[in-house]
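Reader: I would like to learn how to read the features of a protein model. Could you walk me through one?

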Amino acid sequence: MKETLLKIRSERLNRGLTVGLVALIVVFSLVLSCRSGREPGSPAAELILKNAAVYTLNEAQPWAEAVAVAGGKIVFVGPNSGVKKYRAEGTKVLDLAGKMVLPGFQDSHVHLISGGMELEQCNLNDLETKEEILARVRSYAAENPKKDWIVGGGWALPVFPEANPSKEELDAVVSDRPVFLSAADGHSAWVNSRALDIAGVTAKTPDPKNGRIERKAGTGEPSGTLREAAASLVDRLIPEATAEEYLSGLRGGLALANRFGITSIIEASADDKLLEAYANLDRSGDLTLRVLASIYVDPEKGVGQIDDLVRKREKSQGHYLKATAAKIFMDGVIESHTAALLEPYLDRPGDRGTPILEAEDIDRLAVALDKAGFQIHVHAIGDRAIRMTLDAMEQAGKVNGPRDARHHICHLELIDPADIPRFHALGVVANFQALWAYADTYITQLTEPILGPGRSSRLYPIGSVVRSGGMYAGGSDWSVSSLNPLDAIQVAVTRRGPDMPAGPAWLPDELIDLPTAIAAYTTNGAFLSFEEKTRGSVEAGKAADLIVLDRNLFKIPAQQIHQTKVVLTLLEGRIIYSDSGSSLPVQRP
Ligand SMILES: [Zn+2]
């Protein structure tokens, strides 16, 4: 999603190298060689950050100047004068000259491995026109003559009329090999004629359950776009990625995440391959962030798969890895009419979209998963899918009794007003992707026309959920949209595109303030991962998962939030990313 943003992201990565180097020379040239001023009884710090604007997210002490770190933990938060006694021989002291310190960010909904793998495939994420997209496919195919399949993704739905690109357009650039390209939102795929031939998809092929084959008017002939489950008619024929390709994708994802200050994630949907890749890097000490993986739940298998999910959970207990959540998809997306709505789409009388699970099936599944101790993580976008999910979570609580379950629903594009207070009432966390909450072409061209003004006036109701007492946690859904939490934080507090100048907010009632937006990526993320006692804020005793930003977010216009750079990322006090590249070596955890 959000094609312009993705462009910004990749541009920024390139520019970052030069701009960042200058900034970092300033920061790290101030590393002082220090004499020990340590008093007996204070632990010797490995690292001291001082002269900083430390925004702690600890209500008892919201701001501080200095932080001391020892043994991977924060041992002191307070004034510059108070940190001196933690200085010892060998303590690194960073004079941050007013830069901002925050807890490391948590991205609570991200496809880190598939996103990383996509970086190495035919990547269409930053392209804004059909011509650019086709040129990229053509050049990628030319650069990879040995690949039997051309696989990639990231094309933006609004680039094509009715989000419906044709096989002929692809045939014109690649006809000798099959081509499979996922849309940026992951809910549609675009294929060429060769791919359809190999898969045997013809005018006679019926639409699969939970999927639709787009067809030419009148003839029934597949036109080249496959929605939801229909994509797997072709997808299943693509040679499987090797374990090494998964690891390489994960490494790419980790590097980018650490660069954006992310020290914890909730993996949005993990199958065995993904769990194994995470476990592999966790064992070797190369997993540079904390992972709570949400294990993929097969909608076809129902409660019969619970034992299998429990086995996967047990197998995935590591140092930074746990897989204690289960991921259920309840619907698709509004733009392709696959979200489940309470009232019909305006352009398709009678069509309300179809939920992936019937009410009794999601209820039964939620009860069983909750009973087995899983945290339930549900993809729900339409108001009917969201209501069915809340009903199922309520049912789980009734049947199993109250439990500290911390179930959550992600995306939450259209919530019926009657359901807003239920997040607080049921203790269900609202996992919004705030980056989508502005009037871009997904909204103006593909959503508003098919929902009408009433429903369109209350999309992504972050403010309403927060005002009703519900907890908001933030996620990117990368590679659907930018992995940079600061992009989403800016949109959450402006309801305008990150690159737009100051101006009126889209649906201003749903704005939130900066402290709420930062909490969504720090304390609330830690809560959602059941780790709020050990991390998520800058407090003595908590893990030193910390980041340094080049400017204080509270002292700049909101339009500059996305330009802010992370210059240092620490995981348990170890530097996993630094903008300098050389002044401070990256240490393995
Ligand atoms: Zn997702």
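This is a predicted model: local features need pLDDT of at least 70, side-chain atom pairs count only at pLDDT 80 or more; totals for chains, interfaces and linings use all residues.

Reader: Let us start with sheets. What is the order of the eight strands in the open sheet?

Author: Strands of a sheet pair through backbone hydrogen bonds, either parallel or antiparallel. Helices (H or I, at least four residues) and strands (E, at least two) are DSSP runs, numbered from the N terminus, and two strands pair if DSSP finds at least two bridges between them. Here the order is β8-β15-β16-β17-β18-β19-β20-β21, and the pairing is parallel. At the edges stand β8 (105-110) and β21 (472-474), each of which pairs on one side only. From one strand to the next, the twist averages 25 degrees.

Reader: Which residue in β21 is the bridge partner of Phe 432?

Author: The partner is Gly 474. Strand β20 (residues 429-432) pairs with β21 in the parallel sense over three bridges.

Reader: Which helices pack on this sheet, and which strands do they touch?

Author: Contact means heavy atoms within 4.5 Å. Axes are lines fitted to C-alpha atoms, for helices over the stretch in contact, and angles run from 0 to 180 degrees between N-to-C directions. Helix α10 (residues 306-315) touches β16 (290-296) and β17 (321-329), and its direction makes about 165 degrees with that of β16. Helix α12 (residues 383-400) touches β18 (375-380) and β19 (408-411), with about 165 degrees between its direction and that of β18.

Reader: And how do α11 and α12 cross?

Author: Two packed helices are described by the angle between their axes and the distance between the axes. The axes of α11 (residues 359-371) and α12 come within 8 Å and cross at roughly 45 degrees. That makes α11 oblique to α12; angles under 35 degrees count as roughly parallel, over 145 as roughly antiparallel, 65 to 115 as roughly perpendicular and the rest as oblique.

Reader: Where is Asn 431, and is it buried or exposed?

Author: Buried means under 20% relative accessible area, exposed over 50%, partly exposed in between (1.4 Å probe, protein chains only). Asn 431 is in strand β20 and, at 0% relative accessibility, counts as buried. Its side chain makes a polar contact with the side chain of His 408 at 3.2 Å. A polar contact is a pair of N or O atoms within 3.5 Å; within protein, one must be able to donate a hydrogen and the other to accept it, and residues adjacent in sequence count only if both atoms are side-chain atoms. Not counting residues up to four places away in sequence, Asn 431 touches several others, including His 109, His 377, His 411 and Gly 474.

Reader: How many residues of helix α3 are buried?

Author: Six of the eight residues of α3 (residues 112-119) are buried, so the helix is mostly covered. The buried residues of α3 include Leu 112, Gly 115 and Met 117. Among the elements they pack against are β8, β10 (150-155) and α9 (272-284).

Reader: Which backbone angles deserve a look?

Author: Arg 406 has a positive phi of about 55 degrees although it is not a glycine. Arg 406 lies in the loop between α12 and β19 and counts as buried at 9% relative accessibility. Phe 530 has a positive phi of about 60 degrees, and is not a glycine either. Phe 530 is in the loop between α18 (523-528) and β22, and is partly exposed, with a relative accessible area of 34%.

Reader: Where is the cis peptide bond?

Author: The cis bond runs from Trp 478 to Ser 479, with omega near 15 degrees. Ser 479 is in the loop between β21 and α16 (485-494).

Key:
Residues are numbered from 1 along each chain as its sequence is written. Side-chain values use heavy atoms; hydrogens and water are left out.
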